[in-house]
Amino acid sequence: MQPRNMSMSGVVDLAAVKAAQEAKAKAEQTRAEAARQGGAGAVSPADLVIDVDEAGFERDVLQRSAEVPVVIDFWAEWCQPCKQLSPVLERLAVEYNGRFLLAKIDVDANQMLMQQFGVQGIPAVFAVVAGQALPLFQGAAGEAQIRETLDQLVEVAEQRFGLTGLTVDADAAPAAAQPAAAEPAGPYDGLLEAAVQALDAGDFAGAVQAYQNVLADDPGNSEAKLGLAQAELLRRVGEMDPQQVRKDAADRPKDVEAQIAAADLDLVGGHVEDAFGRLIETVARTAGDDRDAARLRLLELFEVVGPEDPRVAAARRALARALF
């Protein structure tokens with residue numbers, strides 16, 4: 001999806017209308033009240049990027065927007081362009097040193113907020129300034145374009161609303177500079193080897209259990225996550241009658257479970273794009289639980305193939321179009 005630039009001229013125009021004047025007055029009142037109570041104090045660079053949900057939106061976004069512009073990043077785990085854009089926004093939030101606050105909203109978990117902002121596709125970036133919601137851009141924009149938009153935002157926020165941003169504690173290291181926590185060195189080699197041996201022997205249930213044992217102690221173990229996805233796929237396919245599965249999928253194109261089973265067979269047979277395409281088409285023509293079942297199976301198959309595979313990236317984009 002190509003990014004759609006959103007001009008900041010609309011923000012400037014708001015200064016001439018009553019709503020903007022009221023917003024400015026409210027922001028000034030809020031800042032004055034905070035000053036009487038001793039102020040909010042300095043924040044660390046890590047506090048410049050926050051996760052926000054529906055329950056905390058008023059506190060974390062609307063109220064904070066009276067002291068600092070809040071940039072909202074609407075994203076989802078399955079959205080590949082989001083994975084390109086979000087790290088750039090997070091890095092710039094730290095670089096801009098408190099001139100804006102970045103609020104990340106997962107659309108899968110916060111559908112109501114997505115609807116209230118009129119989000120048609122993700123990634124989508126908005127700003128809230130003194131309680132006023134403003135669209136910035138949609139799509140994975142380039143860094144130069146993002147900087148230009150942010151520069152306009154902080155300038156307008158300061159000149160028109162008097163928002164000078166947050167004070168950042170210079171002695172606190174940004175989150176990115178903190179030493180990474182060491183991964184547990186637990187005795188996983190034996191379990192992983194046992195899982196591989198079980199796969200080689202056709203004991204898919206045993207392999208699933210072995211990988212689950214690793215993930216119970218080390219949820220971030222990438223080798224175990226990939227192995228589990230593969231083992232579960234092989235276990236499902238091993239219990240199928242391929243001829244019957246193909247017949248059911250052909251005879252009942254609207255049967256979600258039949259299409260999911262056929263997609264598993266497609267993938268095991270090496271027809272990766274056919275598997276992805278079948279499930280994306282199913283997502284596009286279904287709703288509710290049926291759509292969710294097809295989407296979740298597609299995400300599982302992405303794990304099997306691997307996130308770096310270009311076919312996965314293309315399918316993620318197609319899935320986003322089907323969903324939105």
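A search of the whole structure finds 18 salt bridges. A salt bridge here is a side-chain nitrogen of Lys or Arg within 4 Å of a carboxyl oxygen of Asp or Glu. The structure is a predicted model, in which local features need pLDDT of at least 70, side-chain atom pairs count only at pLDDT 80 or more, and totals for chains, interfaces and linings use all residues. Residues are numbered from 1 along each chain as its sequence is written, and side-chain values use heavy atoms, with hydrogens and water left out.

Buried means under 20% relative accessible area, exposed means over 50%, and partly exposed lies in between (1.4 Å probe, protein chains only). R64 is partly exposed at 22%. K83 has a relative accessible area of 35%, so K83 is partly exposed. E77 reaches 51% and counts as exposed.

E143 lies in helix α6 (residues 143-161) and R91 in helix α4 (residues 80-95), so the bridge ties together parts that are 52 residues apart in sequence. Helices (H or I, at least four residues) and strands (E, at least two) are DSSP runs, numbered from the N terminus. E143 is partly exposed at 29%. R91 is partly exposed at 39%. The pair also belongs to a network of salt bridges that links R91, E95, E143 and R147.

Helix α6 also holds V154. With a relative accessibility of 11%, V154 counts as buried. V154 and P69 are 85 residues apart in sequence, yet their C-alpha atoms are 7.0 Å apart in space.

**A buried aspartate**

Where is D73? D73 sits in strand β3 (residues 70-75). Is D73 buried or exposed? Its relative accessibility is 0%, so D73 counts as buried. Its side chain makes a polar contact with the side chain of S86, at 2.7 Å. A polar contact is a pair of N or O atoms within 3.5 Å; within protein, one must be able to donate a hydrogen and the other to accept it, and residues adjacent in sequence count only if both atoms are side-chain atoms. Leaving out residues up to four places away in sequence, D73 touches S86, L89, L102, A103, K104, I105 and A124. Such a contact means heavy atoms within 4.5 Å.

**The nonpolar cores**

In soluble globular proteins, nonpolar side chains tend to be buried together. A nonpolar core is a set of buried Ala, Val, Leu, Ile, Met, Phe, Trp, Tyr and Cys residues joined through side-chain atoms within 4.5 Å. The largest one has 60 residues. Which of them touch the most other members? They are I72, F74, I122 and F276. Another core, of 23 residues, lies apart from it, with L89, L92, A127 and A130 among them. I72 has contacts beyond its neighbours within four places in sequence, including F57, V61, F117 and V128.

**Two packed helices**

Two packed helices are described by the angle between their axes and the distance between the axes. Helix α11 (residues 256-268) packs against helix α13 (residues 288-305) at an angle of about 10°, with the axes 10 Å apart. That makes α11 roughly parallel to α13. Axes are lines fitted to C-alpha atoms, for helices over the stretch in contact, and angles run from 0 to 180 degrees between N-to-C directions. Angles under 35 degrees count as roughly parallel, over 145 as roughly antiparallel, 65 to 115 as roughly perpendicular and the rest as oblique.

Which residues meet? V256, I260, A263, D264 and L267 in α11 meet D290, A293, A294, R297, L301, V304 and V305 in α13. R297 is buried, with a relative accessible area of 16%. Not counting residues up to four places away in sequence, R297 touches R236, I260, D264 and L279. R297 and F276 are 21 residues apart along the chain, and their C-alpha atoms are separated by 9.7 Å.

**The whole chain**

The protein has 14 helices and six strands. Of its 324 residues, 44% are buried. Among contacts with a separation of 6 or more, 71% join residues 24 or more positions apart.
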